[in-house]
Amino acid sequence: MKHKRKRVMKIIDEITNFLFFIGSKKISIDYEENDEGFLITLEGNYKKEKIKEIYNLVKYLSYEKEEEMEEYYWELSGNYDMDTELTLVGMMTDDAKVYYDDEKVTIFLVRYK
Amino acid sequence: MERKKKPFKLNMTYYVLIAFSLIQIIFGLTQDTPKEIILGLQSILSNPDTLVSDYIGVGGIGASFVNSGLLTLMFLFMLYKMKHRAHGVTIAGILTISGFALFGKNLLNVWFVVFGVYLYSRYQKDNFSKYLVVALFGTALAPVATEIIFSSLLPYHLSIPLGILSGILMGFILPALATSMLNFHQGFNLYNIGFTSGLVGTVYVSILRSYGFVPEPRFIWTTGNNFKFSIFLTILFLGLIVFGVYTRDRKLSEFKNIFKYSGRLITDYVKLEGLPFTLINMGLAGLLSLAYILIIGGDLNGPTIGGIYTIVGFAAFGKTPKTILPIFLGVSIGALTKTWGINEPAIQLAALFGTALAPIAGEFGSIYGILAAFVHSSVVLNVGFLHGGMNLYNNGFAAGIVAGFLLPIFEAFRKDED
């Protein structure tokens, strides 16, 4: 597979784009690479009226990994700031967890090598 | 959410597509005698396939629909063997093949490109299944092989290996290019492989022309079958709607959810809203497209039915009646003010395949969709020469140029949220 790290960068871009979209003013990103894969955690605050977007995020990130979709469309991830490609993030990751409270949302993503 | 991969099995999407293929074959068998169909298939397989080659004119209605149904079944079998999980993109890819198998893709010419994609996957030491989506859409370049194989300029001992090698080469370079080209139009051209194939075809034909090889222009376009095809297509699309309504597991009022998406790549309605609502959307999009062709006094034949099938396929992957209508309007308004008639063959195709730009209407609004289509109908008439008709998705090529050109302008004038 080509562009292993660039693809991870695209995933981070896409989630960062989403956090901007829901009104995050403070974002933290944690990234770790080990022998098995990539662990990515993003956290940000959000505007309360955007809570529905978080419900959608949970739905989109629940999609199974699909390598044939990733292989063709991965360049679209994180590119466009007026819309999101969250389903693509779901298809590019092996595991995803979303936690949220009244103020902030935390997204854990795992992508195996 | 812990995601565990479910075991592979044939899902309902596969069954719908298999049924669609069988309907194509059965319809074909009712139109001509077996002998006529075999002779027709022979004629389809032994002629060049550059734009515009209406197979109904080349081999007859029976052979065209049998070719379409059989080719679709073959690709479904390949997907099944590769354990591909069928969803919206599968429907789009498969119906694009079904549609173009009425005017350019046949049981022979598609496999060279597919084999080229396979070789690319081996070169990358990857599983071929990762490149299936590119292989499905990449058959746009199928005529590259047959244009050379059946060229009158070369003897067969040269034209056959050269044609085969050219087809394989196209498939080999397509995956890397197709992904990269998405950046140009940001997913607002649903026929990205068309845009990519247009560029590949342009470079390829430029090289051929510099050696004195000029692709021979073709224009085979049948007329006079509107009544027969209207009945067939209306039943087919109503069938999709009825099946969708019957198998749905949610209230019909929730169907309107499908209109809230822009349709930009990747918008997979099967994943987002489920197969039943997707089938209803496909049926409605098909009926609208059919109505458009009939209202403007167009012709139902291989190319236009191919265009309608492609719309129906992409109604599982980015198009809705709401976003394709502005495209029809834009091309129609263009025809009223420009130097051509609304029902000229190229303009009929510009309207049908111009719906590649439907996400512009979905994202920015109908007026922008109309404007994009207005521009598209002019651009598409000027780019076919570049690739000599070897890229079957000529409108996809033009739509890529139009989307990449208009997108920054539309964004510049859009009001930001903050």
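What follows is a short walk through a few local features of this predicted model, starting with a pair of helices in chain B.

Two packed helices can be described by the angle between their axes and the distance between those axes. In chain B, helix α9 covers residues 156–185 and helix α10 covers residues 192–210; their axes come within 8 Å and cross at roughly 125°. That angle makes α9(B) oblique to α10(B). As for handedness, the crossing of α9(B) past α10(B) is right-handed. On the α9(B) side, the residues making the contact include S166(B), M170(B), I173(B), M181(B), L182(B) and H185(B), while the α10(B) side brings in, among others, N192(B), F195(B), L199(B) and Y204(B). Sorted by class, this contact holds 13 nonpolar residues, five polar ones and no charged ones.

N192(B), part of helix α10 of chain B, deserves a look of its own. Its relative accessible area is 0%, so N192(B) is buried. Setting aside neighbours within four places in sequence, N192(B) touches A178(B), M181(B), L182(B), H185(B) and L265(B), and also Y72(A) from chain A.

The largest nonpolar core has 160 residues, and the members that touch the most others are Y73(A), F65(B), L233(B) and Y309(B). Beyond its neighbours within four places in sequence, Y73(A) is in contact with L88(A) and with a set of chain B residues: V89(B), V133(B), F137(B), L182(B), L265(B), I266(B) and F317(B). Apart from this core there is another, made of seven residues, including M181(B), F195(B), A350(B) and V380(B).

Some backbone details also stand out. The peptide bond leading from L265(B) to I266(B) is cis, with omega near -5°, and I266(B) sits in the loop between α11 (226–247) and α12 (269–273) of chain B. Two lysines have a positive phi without being glycine: K83(B), at about 55°, and K125(B), also at about 55°. K83(B) lies in the loop between α4 (61–81) and α5 (88–100) of chain B, and with a relative accessible area of 56% it is exposed. K125(B) is in the loop between α6 (111–123) and α7 (132–138) of chain B, and at 73% relative accessibility K125(B) counts as exposed too.

Over in chain A, I27(A) belongs to strand β1 (residues 27–33). With a relative accessible area of 28%, I27(A) is partly exposed. Leaving out neighbours within four places in sequence, its contacts are T16(A), L19(A), F20(A), E43(A) and G44(A). The C-alpha atoms of I27(A) and E66(A), 39 residues apart along the chain, are separated by 28 Å.

Definitions and conventions. Residues numbered from 1 in each chain as written. Chains lettered and ligands numbered in written order. Predicted model: local features only at pLDDT ≥ 70, side-chain atom pairs only at ≥ 80, totals over all residues. Heavy atoms only, no water. Axes fitted to C-alpha atoms, helices over the stretch in contact; angles between N-to-C directions. Helix = DSSP H or I, 4+ residues; strand = E, 2+ residues; numbered from the N terminus. Parallel < 35°, antiparallel > 145°, perpendicular 65-115°, else oblique. Left-handed = near helix turned anticlockwise from the far one by under 90°. Contact = heavy atoms within 4.5 Å. Nonpolar A, V, L, I, M, F, W, Y, C, P; charged D, E, K, R; others polar. Core = buried A, V, L, I, M, F, W, Y, C linked by side-chain atoms within 4.5 Å. Buried < 20%, exposed > 50% of the residue type's maximum accessible area, 1.4 Å probe, protein only.
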